[in-house]
Amino acid sequence: RFSTVLSNRGCRAQCTFCSVRNFNGPGVRGRSVQSVIDELLMLRQEYGVGHIMWLDDDFLKDHERALRLFNEMVRQDVGITWDCTNGVIAFSCTEELMAAAAESGCVGLHIGMESGNPQILREIKKPGTVEIFLRAAKVLHKYEQINVRVFLMLGFPHETFRMIQDTFRVAQEMDLDWHMITPLQPLPNTPIFGQMAMEGLVGTV
């Protein structure tokens, strides 16, 4: 049996294509670690749930909190597997956190990369660089039990074929399990929508 769980709300990033800050506000607000553990234990013991997906937009934002959560999942014998396929920020994929994540039952993780071109990454205010993505991939290669996928996005304003090739090249160098490629969808009330509307690249309604 499968369930979803939300341990915190919001995201530290300010990616121009994302609408999370529109409805969650700025910053990240987290529940106490024990309240999350209590929910996981209830799901397993009362409903027979054996796997959960974290819905958090910035699951690993607080390094120490995430580490406590993973360690408590082990110590209190939560006994479920989990994935974070809503995407995590690559900068947070450290040796310490990924080791604890694997021990606590992580079997799937998605990294939000979007582009492998430094100029595009700066323009969309992505909290990551090519070097950070490659470093995260190097760490995650150590944990074969974690299926790691990467979010890629194509079609940013003024993106050239060469820039798209940079994205493919970095993804190949990361050499993770799978890559999810989607076209840019400029959502209303996001910075990138405003930019594209001013440039006549999208309508205003």
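Mentor: Gladly: E1 and strand E4 (residues 51-54) pair in the parallel sense over four bridges. This is a predicted model, where local features need pLDDT of at least 70 and side-chain atom pairs 80 or more, while totals for chains, interfaces and linings use all residues. Residues are numbered from 1 along each chain as its sequence is written, and side-chain values use heavy atoms, without hydrogens and water.

Trainee: What makes E1 and E4 a pair?

Mentor: Two strands (DSSP runs of E, at least two residues) pair if DSSP finds at least two bridges between them. E1 and E4 have four bridges, so they pair. Among the contacts, phenylalanine 2 has histidine 51 in E4 as its bridge partner.

Trainee: Why are strand E1 (2-5) and E8 said to stand at the edges?

Mentor: The open sheet of six strands runs E1-E4-E5-E6-E7-E8, with parallel pairing. E1 and E8 each have a single partner strand, so one side of each lacks a neighbour in the sheet.

Trainee: How do you know which residues of the lining of the largest pocket are nonpolar, polar or charged?

Mentor: Ala, Val, Leu, Ile, Met, Phe, Trp, Tyr, Cys and Pro count as nonpolar, Asp, Glu, Lys and Arg as charged, and the others, Gly among them, as polar. The lining thus divides into 17 nonpolar, eight polar and four charged residues.
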